[in-house]
Every structure is written in C-alpha cells, then in structure tokens.
Amino acid sequence: MPRAPHELPTPEEERDLHRRLVERDPVAPSDLADAYLQHLVDWLRRKNLRSIPDDFITEAAGDALVSLMKRPESYRGDTELSLVAYLQMSASADLKNVLAKQQRWTARNISLAAVEVAPDGGKVLSVTDDPADQLVLEEDVELIRNEIMPALRDGLTAEELRCLDLLLECERSTEPYADVLGIGHLEIDEQRRLVKQVKDKLQRRITRGRSRHGESS
C-alpha cells in the first residue's frame, strides 16, 4: 500500500489492516507501525506540553501500537470510531501511564533526599504530591540532614546545586535548568543534551547516597 509520507490509510485500508491483525498476518504488525507510528508521535506532540520529553511521546505511541498488535480484538471495527481515532485515544492513555510511571520512579529514587524539615523539627515533608509519600519517620531526620544531603551537595558547582534544588522540586522542563546553567541561548536540542548530562550526574549521586546508607544500616 504505497502512500505519501504521513498519509493515513483510507477507511477501507484500515479495515483490511485490522482484519489482517485479527487473522495474525505476520506482516500486519509492521504495516501497522509504518502506517501510524509517526502520526501518533506527531499527534501526541501537538496535543501535549512541549516540556514532555520526546522519548516519552515515542514510548506512548509505540505502546498503543503494541497493545493493538497483541490484542487486535480490543478494537471493534463495527463501531463509528475509526482505527486512527482508537489509536489516538490509546496513545493518550499510554502517555499518562508513562508519565505516572516516571513520577513514581522519581519519587522513589529521591524520596530520602527531596525533603523539607518542618519548623518543629519533627516530621519531614516530602516534595511529592502523593499524600502517602508525605511522611518520613522521625528517626530519618538526622540521617537526611547530616549524611545524605551533604553527600549530595559536596563538590557541586553553584549552578549544579541550583539544578539539584530543581530536581528535588520534581521540575521536568528543560528551560529552568538551561537558565541556571546559562545555556538558554543554545539550540533546544543542545540545551536538552547538556541538561540531561547534569541531571544524570545528580541522579547518580542520589542513587549512590541511598546505596551507601543501605550498606551501612
């Protein structure tokens, strides 16, 4: 089915492609990806904040297609919903799942470091939004204050320290980090690359800090 780049299948081609998926035609999954992957990536990018990383967008689009490949019966061709509309709905839901998964991962990996001590010196309040993550045991206060946080900050530049603060605030956008690092004049792809380098460095420190605590406790 040769077609121009990004040209979507016709309704008749959609029905034929879906039928082949249901019948487990070995070529159908490849044809599905060729027909819809780039469209879904472009559609998700237009519909969502530009601060969402491109790899999250691509992952969600791919997940939607893989789900249909595995369970083609999940789409009912006798409905008024076109196949592309069904895939868009699926990809949108998958993007929410990808973002939620990343948020859980971030919260889990910085939960001991991303803290704010209450004025009374008692409980520690996490920066995460989930109420279930907002309380840390009192016996962790001294550990966080005297061991983990100093280890995280030791040897960092002033710019990296501010980036650490942004990371602990669960800031995801590239722009605030780029402003701190003084690279806002660069092309956005270069900003993202340099910001990722700094964030990866900080995440490694967080992981090592938690690992050392686990080994010594």
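Colleague: Is the crossing of α2 and α3 left-handed or right-handed?

Modeller: This is a predicted model, in which local features need pLDDT of at least 70, side-chain atom pairs count only at pLDDT 80 or more, and totals for chains, interfaces and linings use all residues. Residues are numbered from 1 along each chain as its sequence is written, and side-chain values use heavy atoms, with hydrogens and water left out. A crossing is left-handed if the near helix is turned anticlockwise from the far one by less than a right angle, and right-handed if clockwise. Under that convention, the crossing of α2 and α3 is right-handed.

Colleague: At what angle do α2 and α3 pack?

Modeller: Helices (H or I, at least four residues) and strands (E, at least two) are DSSP runs, numbered from the N terminus. Axes are lines fitted to C-alpha atoms, for helices over the stretch in contact, and angles run from 0 to 180 degrees between N-to-C directions. The axes of α2 and α3 lie 9 Å apart, and the two helices pack at an angle of about 140°.

Colleague: How many nonpolar residues has the contact of α2 with α3?

Modeller: Ala, Val, Leu, Ile, Met, Phe, Trp, Tyr, Cys and Pro count as nonpolar, Asp, Glu, Lys and Arg as charged, and the others, Gly among them, as polar. With contact defined as heavy atoms within 4.5 Å, the residues that meet include L32, Y36 and L44 in α2 and I57, L65 and L68 in α3. By class, two residues in this contact are polar, two are charged, and the nonpolar ones number 14.

Colleague: How many charged residues belong to the contact of α1 with α2?

Modeller: Helix α1 (residues 11–22) and helix α2 (residues 28–47) pack at an angle of about 145°, their axes 9 Å apart, and this crossing is left-handed. E14, L17, R20 and L21 in α1 meet A28, P29, D31, L32 and Y36 in α2. The residues of this contact divide into six nonpolar, no polar and, as to charged residues, three.

Colleague: Which side chain does a polar contact of 2.6 Å join to that of R20?

Modeller: R20, in helix α1, counts as buried because its relative accessibility is 11%, where buried means under 20% relative accessible area, exposed over 50% and partly exposed in between (1.4 Å probe, protein chains only). A polar contact is a pair of N or O atoms within 3.5 Å; within protein, one must be able to donate a hydrogen and the other to accept it, and residues adjacent in sequence count only if both atoms are side-chain atoms. Not counting residues up to four places away in sequence, R20 touches D25, V27, A28 and D31. Its 2.6 Å polar contact is with the side chain of D31.

Colleague: What is the phi of R24?

Modeller: R24 is found in the loop between α1 and α2, and its relative accessibility of 45% is why it counts as partly exposed. Although R24 is not a glycine, its phi is positive, at about 65°.

Colleague: How far apart in space are Y75 and V22, C-alpha to C-alpha?

Modeller: Y75 lies in the loop between α3 and α4 and counts as buried because its relative accessibility is 8%. Leaving aside neighbours within four places in sequence, Y75 is in contact with H18, L68, L81, S82, L83 and Y86. Y75 and V22 are 53 residues apart in sequence, and their C-alpha to C-alpha separation in space is 9.8 Å.

Colleague: With the side chain of which residue does the side chain of H39 make a polar contact?

Modeller: H39 lies in helix α2 and is buried because its relative accessible area is 16%. Not counting residues up to four places away in sequence, H39 touches L8, V84 and Q88. The polar contact of its side chain, at 2.9 Å, is with the side chain of Q88.

Colleague: What percentage of the residues in the protein chain is buried?

Modeller: The protein chain has eight helices and three strands, in the pattern α-α-α-α-β-β-β-α-α-α-α along the sequence. Of its 217 residues, the buried ones make up 34%.
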